[in-house]
Amino acid sequence: MANTGGAPPPPPPLDDDDDDWFSKDIDDFVVDIKKDASAEAGQDVDTAASLLLESLRTNPKRFFDDVGGNYFDPFVAAQSAGTSETKFHLPEDKNGYVQKIPYSKLLNLSENESREVLLDIYSQKEQFVKTFSQEKCGDELMLVTMKIMNKIAALPVFEINEELFLVLVKERNFWNNLIMFFKRSTNQAEARKKKNKGKVQGVSVMDMLGAVGKVVGHVRRILGDRKRITKFLEELTEVLAKASVKTDALGVGGAVPSSSVKNWSIYPTLEELKGPGAELKPNIVSGKFPSVDHYLEVHLNLLKEDFMIPLREGIEAYVTHNKSGSDKPFYGDNIRVHECVKLLLPGNVNRRSAKEELVIVDLDPMERAIGAGKSTRFSKWGLANSKRLMHGSMVCFSSGVQFDDLIVAIISHRDGEQLSNGYICVEIIKVENMNDIFNRELLMIESEIFFEPYHHVFNVVKNLKPDTFPLKSYIVDTQSQHQYPDYISRDRKAMFSHKGQLYNVKVPSEWPESGSPIGLNPSQYKAFKLALTHKFALIQGPPGTGKTFIGQEIVQALLSNTEHQILLICLTNHALDQFLSGVLRYSNSIVRMGSQSKHALLDSYNVKQLNEDVLIDKRLRTCYYNSKQEYLKQMEEFEKLQKEGSSEEIVQCLNRLQQSSRRIHELNQLSNYEFVKNIRVVGMTTTFAARNHSLLQLLKSPIVLIEEAAEVLESHIVASLTPFTEHCILIGDHFQLRPTTSVYALAQRYQMDISLFERMIKNQVNVVCLEEQHRMRPEMADLIRPTIYRNLTDSDTVRGRPKVKGMRKNMFFFTHTVPEDAAGRDDEKSKKNSFEGKFVLGLAEYLIAQGYRPEDIVILTAYNGQMLHLVQERKGHEKLHGIRITVVDNYQGEEAKIILLSLVRSNESGSIGFLAFRNRICVALSRARNGLYMVGNMSLLAGCSKIWKSIEQRLEEHSAIGDTLELMCEEHMNIIKIKHPDEFEKVGFGGCQDMCRVVKECGHQCDSFCHGSMYPHRTCLCYQEEVTGYY
């Protein structure tokens, strides 16, 4: 039966044991589709209605911001736009009766912890507002209301807090009642004081004053200065002054400082895009920062300019190009320019309005006007497999080439089919100097730099405060102090047991001298001891020394001896999967956050799997239901505005929709918290940690272990910590790859590429270096010691590494002087050397013929251009399919039996680019276990770098360098000399030029030419007098 008036329909009943609770609200959305009288009976109505309902059906237990979820279908049809109408019958706000919450109930729930208070209040938000906004509000009720608001403000749900506090600020009755309380209470106190009577009964002035001070402080923090609050404080100060009551208890100072980094934005303005940029201060590498504010200013400005500089320079180059009047097309290294695009609304293209698809960019409006089908730009730009226009990228629009106006937007949805038709969806962030933004020709600028990680990290770091800055004494003040984790004292448990041994973490001096009983070598034992006994510890692990192994030992000890949750953070998905797989050996209480795992063993430990098994608090379900209703109301308004609203009204409505969407995302975080709050090890990447920082604050994990810490920008590390971090362990190696910056000058001039890990080591803050390597043959390790690592030693296990089959030497540097290929437009990004490419592919094919599997061999190169060249050329070598080809920067932390390394640079200008960097040299030369074969111009390298000169000397000591590579036949011990890649053709089957002559099982000799073990001996035809050679 339809609702005919009175109270709005209540939410459907929610049962705790109902698994499909997210679809409970579907039937409560009644859809009317009014048909034109002239329309044919049944004309697409059933189909449209079913599509609408289907778009509202969310995947069970998936929240509103999940990728791919559509929650509204207005059924916009081109032929019947004027006669078809979609209407949601949602609960009315105005005429329905809303019940107030009893004071006793509010008092009881105010004693709960913050999250419980939020769920109780937000699930009955209208009732709560009705309760505190009544014309006459009791003193106790006002006090408990502020106590509740103060508790909710402690939670990291910023959008929900903003919504609730905005409602509170707007309720005139509440603030008027507070003023009346203070007038009445101070007058009564004064009168009773004159009559020498006792205290005033009820709420004391000081209690109320303290609550008011906290609430006002939260209002200023969340909303900034508000006129109503300013006026209230003025009136209150006047009332208190008359009664000679001190206002110290208010605890609020003057105006919110306008220069606070909290008000900074990562999104560019026109002035920032066309101006000189921010005034930068260098990262302080040696010594402490003067203050937290200085620290935040340095890192936020560097982070923003790392994204802004390429965008600013690209736009400047584009404007200059157009002013020059050149007929040539513009090619920019930093930006991509998409001319003549349009911003459309879903109704313009006869499409439903759906989550993340509210504003559409038409990439091909001109082609569409002449009747073209598929997008020509989609094919021309090769968008299908490119990383252009990715979800989370930032794009800028302007009405002309002079860039006098600006729209900043984020790509919110990238669907392959839509993209092939020339459509991409965006979320509009801000508009400057432009009124009419829809359905007009615009210029779109896409930055080469991926925006999403900058956005999330910036927003986390700017909200850090001096009084709660995580691990401030170490990160900001660079103090090297022996302080064990706070939870040790709180738990009253200092004795740890690990593999049958006892250790007092409060007294490291009492630990046994040797780590042998628990299977650790001396340096590993030092690292283990440091990590467990220090609040902030760093472990440096040179190549092959077992960084992951010691990290897993530390996690095992913490799991066995504490009850606290451990947050495990890695830079890459590969490292995260590898670490968590090791943890599974001794604990199955783990969860892998994110969806990029490639390890089958972790499939059942993904957060999505937990999502299927955990029931959600019904209050949270109600919060979701109510928030979804609000979103649908706004969506209905958005649909109307598409037909009759101005651009300004539409943009304002879009902002409200985005705020609602973010509130539902925060509910998603509360849901994830339910899933993982009792899991012992929570694993995630640094990107996930920054994107979901509110989840980290909800979890309050006291122990954080970060692997690959030396490769991560300092701001990204800090964004992974919370005020609740009591024990932080960083594992990495600053002598290998440093963090990558988009702008090289920021690394050179401002030390932006100095990680927190390296900065702490430079300030001698609690560090141990692992010293025994378990990967490389000793002669390979000699290439990086003592030049890079002075104290690196070899484990006995590496001295017995098997010889590389078919090679005279297990390590060799083939030096040549053949020039690299002529540079293309992208110069540094496209370096390649065809000679070296042909050489390493020929050598790889020869090694495969020796019986090695493709996964035993990895081809590394220093440049992306060479990698792409090798991948292309490999297509002509069928035997090499399956061999991994990658750049050095993508291979840190990995290893292979045999590494073939192409160094590329060979020129007369004396330029070796980043081959001069110690970090890349270190990684390139330390990946191989059994065999390492390098191809490059050593005379050039050694002439430009002292490190390469030292490496050349080491190679000469081992007789492992020259212009001739010597192969060795395993059967006949013949030496085959290779001076040119074409000469690999004579060893195409992996053998020498002799006949094979190996005696087969039948007793006859193989009469084929010598061949590698990949090729079996030909089956002997024993009854045939003459056998034709097999090869």
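Both Tyr503 and Tyr525 are buried, where buried means under 20% relative accessible area, exposed over 50% and partly exposed in between (1.4 Å probe, protein chains only). The model is predicted: local features need pLDDT of at least 70, side-chain atom pairs count only at pLDDT 80 or more, and totals for chains, interfaces and linings use all residues. Residues are numbered from 1 along each chain as its sequence is written, and side-chain values use heavy atoms, with hydrogens and water left out.

**Rings around Tyr503**

- The ring centres of Tyr503 and Tyr525 are 6.5 Å apart and the planes lie at 55 degrees, so this pair is tilted.
- Tyr503 sits in strand β10 (residues 501-504) and Tyr525 in helix α18 (residues 522-533), so the pair ties together parts 22 residues apart in sequence.
- Helices (H or I, at least four residues) and strands (E, at least two) are DSSP runs, numbered from the N terminus.
- Tyr503 also pairs with Phe528: centres 6.3 Å apart, planes at 75 degrees, so edge-to-face.
- Phe528 is in helix α18 too, so its pair with Tyr503 in strand β10 ties together parts 25 residues apart in sequence.
- Relative accessible area is 2% for Tyr503; Phe528 is buried at 0%.

**Aromatic pairs overall**

- The count comes to 23 aromatic pairs.
- Rings of Phe, Tyr and Trp (its six-membered ring) pair if their centres lie within 6.5 Å; planes under 30 degrees apart are stacked, over 60 edge-to-face, the rest tilted.
- Phe128, Phe132, Phe174, Trp175 and Phe232 form a cluster linked by ring pairs.

**Charges over rings**

- The charged end of Lys805 sits over the Tyr852 ring, 4.8 Å from its centre.
- Arg920 lies over the face of Phe914, 4.2 Å from the ring centre.
- The rule: NZ of Lys or CZ of Arg is within 6 Å of the ring centre and within 35 degrees of the ring normal.
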